[in-house]
Amino acid sequence: MPQPNDLSRSLVLASQRFMRVYNAQRLKAALRAVASPLLFGFRLWASVCLALYVAFWLELDNAFWAGYTAVTVSQPRLGASLRKGWFRMVGTVVGAAAVVALTGSFPQDRGPFLIGLALWGAGCTLVATLLKNFAAYAAALAGYTVAIIASDELGATGGPDGISSEISGRFTRTLAMAETDFDGTQQVRRELARRVIALDPIIDEALGESSQLRYHSPVLQAAVDGLFAALSSWRAISVHLRSLAADRAQRDLHAVLNRVPEELRSAMENSGLGSGSGAGPARWGADPVGLRRICDRAVRRLIALPAASPSLRLIADQTAEALAGISHALNGLALLVADSVRPTPRRGSVRLRVPDWLPALVNAGRAFVVIGAAELFWIVTAWPNGASAAAWAAIGVILLALRADHAYDAAIVYMLGTGLGVAFAALVKFAVLPQVVTYFGFSIILGLYLVPTGALIAQPRHPALFTAMAANFVPLLAPTNEMNYDTEQFYNSALAIVAGLTSATLSFRLIPPLSPAFRSRRLLALTLRDLRRLATGPIPRTPADWEGHMYGRLSAMPDRAEPLQRAQLLAALSVGTKIIQLRRITQQLNLQSELDAALESIVRGDSAAAVSRLAALDKTLATRPGAAALRARGRILAMSEALSQHAVYFDAGGFR
């Protein structure tokens, strides 16, 4: 039998082990991790209850759509919820106006009305694919809103500091790396390109949180474009430095870096890779305006740098362009940390950047086929719930098309979530709700389901599954002022939802989205076509249109694209910009014919001949005095190196 002292000692040891495993800090961390998802779950529950209460008070026919809307608008992040809510209002108004126009145009003609409905869904899918983020969601909503309203009309018969400072910190760390490791920076550039592309939806969410950010949205767009420009210039510098002897490269690089103010160089050195201190990124977030002014001063000093060789001129000019891009990024960061912002002028006309029309056309064709097939099935079978099935088919095929490569997988997960929602809705409707007679009790029942489901939506694992469970639960439950517990009607409605979503899911298998490899090849081919047109067409006033178009292509490059393909796209961006600049300079120096001969070789897909003719132009420019001739020689050098490095790409599809 154990002695009292032994027993107390064992209890003490067990308590110590327990405290080591479950200490207060771990408990606090666990509570913090759970608090935010639970808070979103309660917010989701409150929004659904409020929406349904207003719908019941207004005595709307299908009040459950109010609850469905509340679920789909709610997002774990506040900015995303506000932004999505505004765009949902726009999409709903546009969709409602469209269905009124369709009804007025074909009041007694069911066939033309349904064809118009399918065409409208296809058109909205096309626009949603061309747009991005919540603007794309608004276009998709306008498409399936028409299907939802039409199903009711026709009836059964068928009639930043964190994000921006991280970007700036990563960029400055990689610049610090470039001085000593030319080859090692390539992987960092590729990673940075992925991060810049990923900024777009984050910025769109941030715009929802502040009217100040929305008013200055051109500043944020210029910040992203500036990072792309810095990547392009950095690539040109890296390629050129690898072509030089080590001592020459170090000499030219030090000559350029000596023109960079000491404060900026210090910020770069303090944020070197591997330091882990975080001092550099913290400096970027603490004083973006001060660093922006330093960058602007460095740009002016680099442009004024007297260069004795085209090599030094190239490095100085490209470094100036990179720092100018970083200056735009710092201006965006200043906006996010509520500091003084340098205004970015709004363009007179907004131009939609369309990297490639084909993915949008494929999605539009799929939507037309699915919606048309659902309508035809409804007419042939005279199924009372056929209109509802067509509406859910439209919702699935339009909304999930925005997932691109992951559309089919997302559709499968959404179907699974809907199946689970059917089971829970049946349990609640027939086993629980008959015992409840007040709206307060009804709200408590909703909370027992929506709060944990909302908390799971806020978790990083399988949010689409739990979103489907929450969003489709309310339409399946179909609450009304006078509840109807008809099991046949419930299962008919559930079957319509499942059938509509199933047809949408199958469509992504039968008419799949374009593969990432195919889209990457098309983006490169379209860029090469545009580059050759740029070489022979009218001279643009500025490179801005070309650069904006290329930034759109870079953003559209699939995540699974090969690193070489991103490098080729950056090289094409650089070559196109140099062509525009050289055509203007040679026009001033009366050397257009020499440059045109080189550009003609690019059009024919003969990079070797183009480099040879550019070398001849360089010799001619060497006899001309002045800074303009030397700057042109630097651009010729950068262009020749890009053509030589990616000759296989630039020669593809040419005619000789």
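In which helix is the place of Ile115? Ile115 sits in helix α5, where helices are DSSP runs of H or I with at least four residues, numbered from the N terminus. The model is a predicted one, with local features needing pLDDT of at least 70 and side-chain atom pairs counting only at pLDDT 80 or more, while totals for chains, interfaces and linings use all residues. Residues are numbered from 1 along each chain as its sequence is written, and side-chain values use heavy atoms, with hydrogens and water left out.

Ile115 also belongs to a nonpolar surface patch, together with Leu119, Phe368, Val369, Leu506, Leu510 and Ile511, and the accessible area of the group comes to about 660 Å². Two or more residues each come from α5 (110-130), α16 (358-381) and α22 (487-510). Patch members have over 30% relative accessible area and no salt bridge, with nonpolar side chains joined within 5 Å; areas follow the Shrake-Rupley method with a 1.4 Å probe.

Then there is the helix packing. Helices α23 (residues 516-536) and α25 (residues 563-588) have axes 10 Å apart and an angle of about 10 degrees, using lines fitted to C-alpha atoms over the stretch in contact and angles from 0 to 180 degrees between N-to-C directions. That makes the two roughly parallel, the label for angles under 35 degrees.

As for charge pairs, the structure holds eight salt bridges, each a side-chain nitrogen of Lys or Arg within 4 Å of a carboxyl oxygen of Asp or Glu. One of them joins Arg631 to Asp317, with the closest N and O atoms 3.1 Å apart. Arg631 lies in α28 (residues 627-645) and Asp317 in α15 (residues 310-336), so the pair ties together parts 314 residues apart in sequence.

How values were computed
Patch = residues over 30% accessible without salt bridge, like charges linked within 9 Å, V, L, I, M, F, W, Y side chains within 5 Å. Parallel < 35°, antiparallel > 145°, perpendicular 65-115°, else oblique.
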